[in-house]
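I am opening my notebook on a new structure. I will start where the chains meet and then turn to one chain by itself.

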Amino acid sequence: MKKTKKSVWLYIFLALALALILISLIAKEIAPNDPNATNVLRVGEAPSAKFPLGTDSLGRCVLSRVLAGAKTSIFSALVLVLITAVFGSVVGMLCGYYSGIADGIVMRIIDGIMAFPQMILAIAVAGVLGGGMLNAMIALGFASWTPYARLARSRVISIKREEFISAAGLSGCSDFEILTKYITHNIFSSLLTFATTQVGTVMLGFAGLSFLGLGVKLPQAEWGSMISEARGMLATAPWAVLYPALALVFTVMIFNYLGDALRDRLDVRLESEAKR
Amino acid sequence: MSILKIENMSAGYWGTKVLQNISLSIEQGEILALVGESGSGKSTVIKSVMGLKSSHVKVSSGKIIFNGNDMLSLKQEERRRLLGNDLCTVFQNPQTSMNPIRKIKKQFLETIKSHKDVSDAEALRLIKDCFYKLGLSDADRILESCPFELSGGMCQRVAIALAMVMEPKLILADEPTSALDVVSQLQVVEELLLLKKNFKVAVLLVTHNIAVAEKVADKIAIMHAGKIVEFGDTGVVLGQPKNDYTKSLLADVPRIEAGQREREKTETLLEANSIIKQYKVGDRKVDAVSGISFELEKGEILGIVGESGSGKSTLARQLIRLETPNEGSIRIGTKNIADYKKKELLCLYTKAQMVFQNPVSSFDPRKTIRSSIKDAIKNLAGIRQSDEIDKRINALMIRVGLNTELADRYPFQLSGGQCQRSAIARAIACDPQLLICDEATSALDVTVQAGIVELLRSLVKSNNMSIIFISHDIALVSGFCDRIMVMKNGKCVEYGPSSKVIKAPENEYTKTLIKAASIKGESSI
């Protein structure tokens with residue numbers, strides 16, 4: 001009973017997340033106006049039939065820009081999470097499996113990186129590299145692979161002492177085979193869950209960098225930079241801030257809930273397996 | 001009059017019936033042993049009598065009469081007053097059933113004061129009186145200690161004293177000897193006998209250890225699948241069992257045997273020379289295995305016996321190079337196993353294999369049995385065609401007495417015995433000359449254990465395989481192995497042909513082990 005209820009939530013959030021991705025893919029086609037077309041005569045216009053969510057400080061259609069921004073925000077976050085998750089997990093797995101001096105060195109480096117607040121570090125790196133989406137990704141990725149390495153390492157350390165790993169070794173499996181065939185699929189669910197919850201965090205990171213002018217190059221639409229640009233007109237045209245902010249909040253929430261639902265679902269499966 | 005009378009009780013958890021029509025009675029000053037395999041419902045009987053809400057047991061029908069009270073119609077509060085006063089419990093693991101960081105004295109005072117309005121001095125007198133009757137000398141030292149400062153056996157004796165201090169009418173003891181080593185087990189058994197003699201208290205003793213039951217119990221009830229299949233005087237039930245299940249249970253209990261199968265001397269397969277393995281604990285080095293030497297012939301079965309922590313498993317891991325010893329050499333066939341380079345280890349694994357203690361956790365939980373065995377065949381036997389591999393797997397499953405369809409299941413879908421047979425199938429996939437069984441039957445019930453031992457015997461016969469069989473049960477080893485090595489604290493204290501070790505043990509520790517296992521010739525399930 002409980003399990004079906006949990007599964008329902010998982011499917012709902014999965015559907016919402018896929019819908020967001022789909023919308024961001026066809027943003028160009030469904031946008032009512034050109035997201036970059038400025039019009040000085042229609043600056044800060046209230047929502048109307050032509051501009052359903054109003055216009056911003058340069059007279060651009062807010063709805064079209066929110067849709068266009070979805071692609072930048074969501075895809076850059078997904079790509080970055082994928083890269084950092086794979087890189088961090090591989091590093092963590094190798095450290096956990098082989099331990100030794102290299103493990104010690106890598107872990108101290110990770111401690112060093114984690115000692116700084118992640119956002120401050122990203123701002124510093126982006127400041128050195130300059131603006132632009134690629135540089136923003138590098139800046140955020142610099143620190144965000146470390147939790148995956150930590151998680152993967154601790155999971156591998158606990159699993160590698162299990163009897164079935166010794167048994168696999170005695171069956172003649174090489175280290176590579178043990179890591180890929182026996183360890184990976186046993187730690188995959190916890191890594192996947194963690195990665196899903198990180199999508200929202202990374203998205204906020206991008207928005208933060210863009211807000212500070214260290215993210216996308218103008219006039220490319222991105223939710224963080226849209227909020228930053230429009231904050232001067234908060235009193236006269238609140239919709240220019242409100243809608244990108246709402247889009248950001250909902251997207252982050254959906255990915256976070258998806259991560260939670262995924263964790264619950266995977267936990268339940270493990271539990272029922274153990275019971276049987 | 002019966003202190004406790006259970007009539008036609010059925011009980012279960014969340015709608016699943018576990019107990020069916022249980023009827024028992026215990027007289028004052030009597031010990032009743034409830035014996036059966038794991039999962040037979042022994043502990044559920046105790047939980048039903050206690051009726052704690054947190055245990056989730058629901059009694060669906062029948063009666064539990066304790067000292068004239070109908071337990072099932074009592075209110076929670078009235079029941080609580082009985083618990084600890086007239087009805088006490090002793091749990092399996094003494095070190096976890098007491099508060100680990102409070103002194104024993106405080107725990108005793110707390111118990112007494114929650115039931116009786118007495119001064120500290122009066123309470124202390126009660127405690128010391130109780131200790132005296134139970135033969136616990138050195139009361140002052142014990143009272144000033146925390147549970148972790150006492151040995152497991154002493155701790156369990158104190159836990160029994162704690163239960164006795166209120167002079168209850170009935171003690172419920174749930175596997176009180178199972179977590180203890182053999183020597184402490186004996187002490188607790190002695191203490192249970194003292195209880196009967198000095199306090200005239202009734203005891204409901206749940207145990208899977210027939211030896212313990214036989215030594216202390218007046219009456220015995222054999223449980224199987226939630227039912228009591230036989231109930232009567234201990235001597236009668238164990239001496240002339242009527243029920244088929246009781247008969248098979250007793251037949252499968254390993255007994256101390258001094259006999260030995262006839263075997264001609266053959267060439268040496270394995271030679272271990274003064275192996276030392278040390279581990280670092282903080283700043284000091286601890287010898288897990290210190291200076292062990294032995295030989296194993298082809299087709300021979302060597303039993304290694306000792307308590308947990310005696311270094312048996314560590315020794316096993318050295319023999320197959322899962323770990324490397326700090327000193328000493330191990331030769332299998334003609335080659336020293338330290339000489340195998342990492343890439344040549346496959347060669348070693350085709351000669352020697354290992355079966356682990358916990359059958360379920362020795363398989364990857366997310367792989368089917370077939371796919372785990374497949375890896376062994378692919379890597380060790382070098383077979384690549386998948387239909388050839390499948391054929392081989394099916395043959396192996398049949399060889400270990402399993403249906404071939406079971407290979408497509410996940411480990412958690414098999415019973416412990418089936419899983420251990422699969423593990424043996426994987427280990428013999430490439431016909432090794434040496435099989436190391438590390439407590440391979442310890443997690444299994446006695447009937448299943450007997451089946452596995454029979455399988456190993458047949459492997460020795462048909463494949464002329466040598467086996468190193470590690471166990472804590474000297475009775476099991478005595479009937480099965482050609483030679484026995486007894487280990488204690490990482491050292492070999494006795495080594496020789498099993499008939500000699502069993503008939504004429506030289507070491508004191510070996511004598512204790514044999515004595516503990518041979519209470520009227522029976523041993524644990």
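**Where the chains meet**

I looked up the contact between the two chains in this predicted model. I found 15 residues of chain A in contact with 21 residues of chain B. Next I asked which elements give two or more residues to the side of chain A that touches chain B. They are helix 8 (163-170) and helix 9 (175-211) of chain A. Helix 8 of chain A gives the most, with six residues. I then sorted that side of chain A by class: six residues are nonpolar, five are polar and four are charged.

**Chain B as a whole**

I moved on to chain B. Its secondary structure comes to 20 helices and 20 strands. Its C-alpha atoms fill a box of roughly 75 × 50 × 40 Å along the principal axes. How does its radius of gyration fit a compact globule? With 525 residues, such a globule would have a radius near 24 Å, and chain B has 26 Å, so the two agree. I noted that 45% of the residues in chain B are buried. Of the contacts in chain B between residues at least 6 apart in sequence, 70% join residues at least 24 apart.

**One helix pair**

Last, I picked helix 14 (residues 369-381) and helix 15 (residues 386-399) of chain B. Their axes come within 10 Å and cross at roughly 110°. Therefore helix 14 of chain B is roughly perpendicular to helix 15 of chain B. The crossing is right-handed. From helix 14 of chain B, the residues in this contact include B:Ile373 and B:Ile377. From helix 15 of chain B, they include B:Ile389 and B:Leu396. By class, I noted five nonpolar, no polar and four charged residues in this contact.

Definitions and conventions
Residues are numbered from 1 along each chain as its sequence is written. Chains are lettered from A and ligands numbered from 1 in the order in which they are written. This is a predicted model: local features need pLDDT of at least 70, side-chain atom pairs count only at pLDDT 80 or more; totals for chains, interfaces and linings use all residues. Two residues are in contact if their C-beta atoms, placed from the backbone, lie within 7 Å. Helices (H or I, at least four residues) and strands (E, at least two) are DSSP runs, numbered from the N terminus. Ala, Val, Leu, Ile, Met, Phe, Trp, Tyr, Cys and Pro count as nonpolar, Asp, Glu, Lys and Arg as charged, and the others, Gly among them, as polar. Axes are lines fitted to C-alpha atoms, for helices over the stretch in contact, and angles run from 0 to 180 degrees between N-to-C directions. Angles under 35 degrees count as roughly parallel, over 145 as roughly antiparallel, 65 to 115 as roughly perpendicular and the rest as oblique. A crossing is left-handed if the near helix is turned anticlockwise from the far one by less than a right angle, and right-handed if clockwise. The radius of gyration is taken over C-alpha atoms; the globule rule is 2.2 Å times the number of residues to the power 0.38. A residue is buried if 20 or more other C-beta atoms lie within 10 Å of its own, exposed if 12 or fewer, and partly exposed in between; C-beta atoms are placed from the backbone.
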